[in-house]
Amino acid sequence: DDQTAAAIREAMNAARMGRIPEAVNIGERALASGGDSGALNAMLGTLHCQTGNLEAGIRHLRAARELQPSDTVIAANLATALAQKGDYHAALAELPDEIARTDQTMRLQRIRAYLAQHADDFQTAIPIYEAIVEAAPDDWETWNNLGNARRLAGDVDGGLAALERAMGLNSGSGPVRLNYATTLAAAGRADDAEDQLRRMAEDFPAEPRPLRELHALMKGFGRDEAALEAIEEAVRRAPSDAELLMALAAHRLSMLQNEAAEAEYRRVLDVKPHHDLAFLGLAAVFEL
């Protein structure tokens, strides 16, 4: 109706100029005046989500979804808002297959697969990823996601095959290389995994993640000195990362380097003064 259309135009103009609270007020007044509930709730939900007010955004988007259950934009926005809250199961339920498959670009299927993977619903995620790479065989990001989903579902060989395809398409991607190395380790190819992680650490000299993974790999094989070198370098690259500092402290403690372990636990408390595990680590140091 004309009233709703005018309110939406006015609100969108305000939002484009950065006056989102004003846009919200315009939408709420139009809604209270009997404007189109579906359209106005959809707009208000989106505006609230843009300001970070997810609770209000989800409330409005749910109202819009009830009124327009087949609207793909409302479904996608509601699912995205729920995912931002970390409620991936609810987000997946709001973007069912019958809606996602109406989008010929497969954008909604990508969102649905992402939600399913984060909800640990790999039986849903994997077929969607497989359909996407069948339609777009050069989509390295989806090959990467497929590899992760297969590995997490227990299909390590299938995950490795997908990640090898992703590596072939984009070997310069840090996340792909890290996932590939992690999956090599899961497949029992420890030497190949170590080689990949060391090369990645050289290629990304400011990035601590390959060294964190290298530390875990070396520690798992009882190579304590190599593991210590890896986690020390990771901490050098990210000296304010409390979890890396905790890993270094715990590793020193396991090697009975008590004074050094104490110093590392105190560094954790400098970064996070109320880190409970750091206090427990200090207690363990004093007991030895």
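The following legends describe close-up views of a predicted model of one protein chain.

**Figure 1. Overall fold of the predicted chain.**
The protein chain contains 18 helices and zero strands. Its C-alpha trace spans about 75 × 45 × 30 Å along the principal axes. The radius of gyration is 25 Å, whereas a compact globule of 288 residues would have a value near 19 Å. Of the 288 residues, 46% are buried. The chain exposes about 14,600 Å², and carbon and sulfur atoms supply 50% of that area. Among contacts between residues at least 6 apart in sequence, 43% join residues at least 24 apart.

Helix H1 comprises the 15 residues 2–16. The buried residues of H1 are Thr4, Ala7, Ala11, Ala14 and Ala15. Because these residues cover an arc of only 100° around the axis, they lie on the same side of H1. The face turned away from this buried side carries the exposed residues Asp2, Arg9 and Arg16. What covers the buried residues of H1 includes helix H2 (20–32) and helix H3 (37–50). After H1 comes Gly18, which has a positive phi near 85°.

**Figure 2. The nonpolar cores.**
In soluble globular proteins, nonpolar side chains tend to be buried together. The largest nonpolar core of this model has 74 residues. Which of its members touch the most other members? They are Leu95, Leu115, Leu146 and Tyr265. When neighbours within four places in sequence are left aside, Leu146 is in contact with Ile126, Tyr129, Glu130, Val133 and Ala162. A second, separate core holds 13 residues, including Ala7, Ala30, Leu40 and Leu44. Ala7 is also one of the buried residues of H1.

Asn144 is found in helix H10, which covers residues 140–152. Is Asn144 buried or exposed? The relative accessibility of Asn144 is 9%, and the limit for a buried residue is under 20%; Asn144 therefore counts as buried. Not counting residues up to four places away in sequence, Asn144 touches Leu163, Ala166, Pro175, Val176 and Asn179.

Terms used: Residues are numbered from 1 along each chain as its sequence is written. This is a predicted model: local features need pLDDT of at least 70, side-chain atom pairs count only at pLDDT 80 or more; totals for chains, interfaces and linings use all residues. Side-chain values use heavy atoms; hydrogens and water are left out. Helices (H or I, at least four residues) and strands (E, at least two) are DSSP runs, numbered from the N terminus. The expected span of a helix is 1.5 Å times one less than its number of residues. Buried means under 20% relative accessible area, exposed over 50%, partly exposed in between (1.4 Å probe, protein chains only). The arc is that of the directions from the helix axis to the C-beta atoms. Contact means heavy atoms within 4.5 Å. A nonpolar core is a set of buried Ala, Val, Leu, Ile, Met, Phe, Trp, Tyr and Cys residues joined through side-chain atoms within 4.5 Å. The radius of gyration is taken over C-alpha atoms; the globule rule is 2.2 Å times the number of residues to the power 0.38. Accessible areas come from the Shrake-Rupley method with a 1.4 Å probe; for residues, only the protein chains shown count as cover.
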